[in-house]
Amino acid sequence: MDYSKVFYEINKSLVSYVDHGAVASYIPELQKISPDKFGVYLCTVDGKNFGFGDSNEKFSIQSISKVLSLTMAFEIEQDTLWKRVGVEPSGNPFNSLVQLEYDAGIPRNPFINAGAIVIADVLVSKLENPREDFIEFVRQLSGNNQIDYCDRIAQSEKSKGHRNAALCNLMKSFGNIDNNIHEVIDFYFDLCSIEMTCSELARTFLFLANYGKDPINGNQIISSSKSKRINAVMQLCGLYDEAGEFSFKVGLPGKSGVGGGIVVVHPGKYSMVVWSPRLNKKGNSNKGMRFLEEFTSYTESSIF
Ligand code: DON
């Protein structure tokens with residue numbers, strides 16, 4: 001299929017779409033992004049690539065990196081990982097503290113902030129040099145050794161990161177954080193600060209569209225069973241308390257970030273990234289969701 005034509009047609013159909021969303025402001029540096037940027041990129045598992053708009057401009061991937069840290073931690077810890085974090089949708093905002101108290105410090109899933117902080121703690125425990133080893137893993141997946149953290153964004157988030165610090169402290173009080181909370185939180189902010197383009201990110205996620213194997217170089221990144229499970233968690237939890245709506249409209253496993261990116265994978269077919277910085281009230285890209293809904297309807301390519 002000529003996806004370039006599909007992107008063009010959908011974009012044309014959305015010219016009168018008025019986006020009332022707002023750029024994330026709770027991380028001061030993110031507020032500087034021009035709100036009307038728009039990029040799309042799709043990589044097929046058989047090696048075709050299609051881009052549209054600002055698809056070669058870097059943006060802050062934020063929570064999208066939680067899928068990559070989960071991949072690494074799952075490979076290291078195997079199924080014992082699930083003693084410390086669940087796989088159920090939370091139905092609550094991504095940064096909520098409420099449920100964590102009731103659940104005795106065990107986060108509902110690895111994509112809400114609390115869950116991703118537990119994953120960061122696992123990596124701090126198990127990697128020799130967490131910061132270096134993790135970015136090396138992302139560089140390997142992306143096939144690009146220029147991918148990096150953005151210290152400016154990480155510092156900006158840290159300056160306002162009291163809620164994440166609260167989550168980390170609460171879990172520490174329940175015995176679900178092993179390391180020094182400052183070390184864990186700093187690493188978590190680093191993970192969220194990675195900058196990538198739509199094309200780099202779509203390339204990075206191809207292994208999840210191909211049963212755990214990178215179709216470009218043949219590297220088996222994780223087993224097909226783990227790939228299935230990570231996609232399942234994305235399907236149910238990747239868009240937080242909007243995961244049901246996203247599944248209903250788009251019908252693909254996906255993961256959002258407050259930088260305005262959304263990545264989706266269609267196992268056996270493609271990985272795709274949409275970037276549009278205006279967010280809805282749940283912290284997900286407004287136009288990104290709309291575009292993906294139009295895309296899977298137009299191409300009849302949801303998993304359902
Ligand atoms: O911890 C935070 O709040 C951010 N670093 C990441 C949140 C995020 O991307 C939520 N996604 N929509």
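## Basis of the report

The model is predicted, so that local features need pLDDT of at least 70 and side-chain atom pairs count only at pLDDT 80 or more, while totals for chains, interfaces and linings use all residues. Residues are numbered from 1 along each chain as its sequence is written, and side-chain values use heavy atoms, with hydrogens and water left out.

## Helix 4 against helix 7

Two packed helices are described by the angle between their axes and the distance between the axes. Helix 4 (residues 113-126) packs against helix 7 (residues 162-173) at an angle of about 65°, and their axes lie 10 Å apart. Here helices (H or I, at least four residues) are DSSP runs numbered from the N terminus, and axes are lines fitted to C-alpha atoms over the stretch in contact, with angles from 0 to 180 degrees between N-to-C directions.

The residues of helix 4 that meet helix 7 are Asn113, Ala114, Ile117 and Val118, and their partners are Asn164, Leu167, Cys168 and Met171, where contact means heavy atoms within 4.5 Å. By class this contact holds six nonpolar, two polar and no charged residues; Ala, Val, Leu, Ile, Met, Phe, Trp, Tyr, Cys and Pro count as nonpolar, Asp, Glu, Lys and Arg as charged, and the others, Gly among them, as polar.

## Helix 8 and its partners

Helix 4 also packs against helix 8 (residues 181-192), at an angle of about 110° and with the axes 9 Å apart. Helix 4 is therefore roughly perpendicular to helix 8, since angles under 35 degrees count as roughly parallel, over 145 as roughly antiparallel, 65 to 115 as roughly perpendicular and the rest as oblique. Among the residues in this contact are Asn113, Ile117 and Asp121 of helix 4 and Glu183, Phe187 and Tyr188 of helix 8, and the residues of the contact divide into ten nonpolar, one polar and two charged.

The axes of helix 8 and helix 6 (residues 151-159) come within 8 Å and cross at roughly 130°, and these two helices are therefore oblique to each other. Ala154, Glu157 and Lys158 in helix 6 meet Asp186, Phe189, Asp190 and Cys192 in helix 8, a contact with three nonpolar, no polar and four charged residues.

## Cavities

Rolling a probe the size of a water molecule over the atoms shows where empty space is left. A search of the whole structure finds two cavities of 30 Å³ or more. On a 1 Å grid over the protein atoms alone, a cavity is a set of points where a 1.4 Å probe fits but cannot get out, a pocket is an open set with protein on both sides within 12 Å along at least five of seven lines, and lining residues have an atom within 4 Å of a point. Grid points are joined across faces, edges and corners, and a volume is the space filled by probe spheres set on the points.

The largest cavity has a volume of about 100 Å³, and of its 16 lining residues Ser96, Gln99, Leu100, Ile112 and Ala114 lie nearest its centre. Helix 3 (98-102) and helix 4 are the elements that give two or more residues to this lining. The second largest cavity, with a volume of about 80 Å³, is lined by 15 residues, and those closest to its centre are Tyr26, Ser63, Phe94, Tyr240 and Val258.

## Pockets

The largest pocket has a volume of about 240 Å³, and of the 15 residues that line it, Ala22, Leu279, Asn280, Lys281 and Gly283 lie nearest its centre. The second largest pocket has a volume of about 190 Å³, with a lining that includes Asn11, Tyr17, Asp36, Lys37 and Arg278; by class that lining has five nonpolar, two polar and five charged residues.
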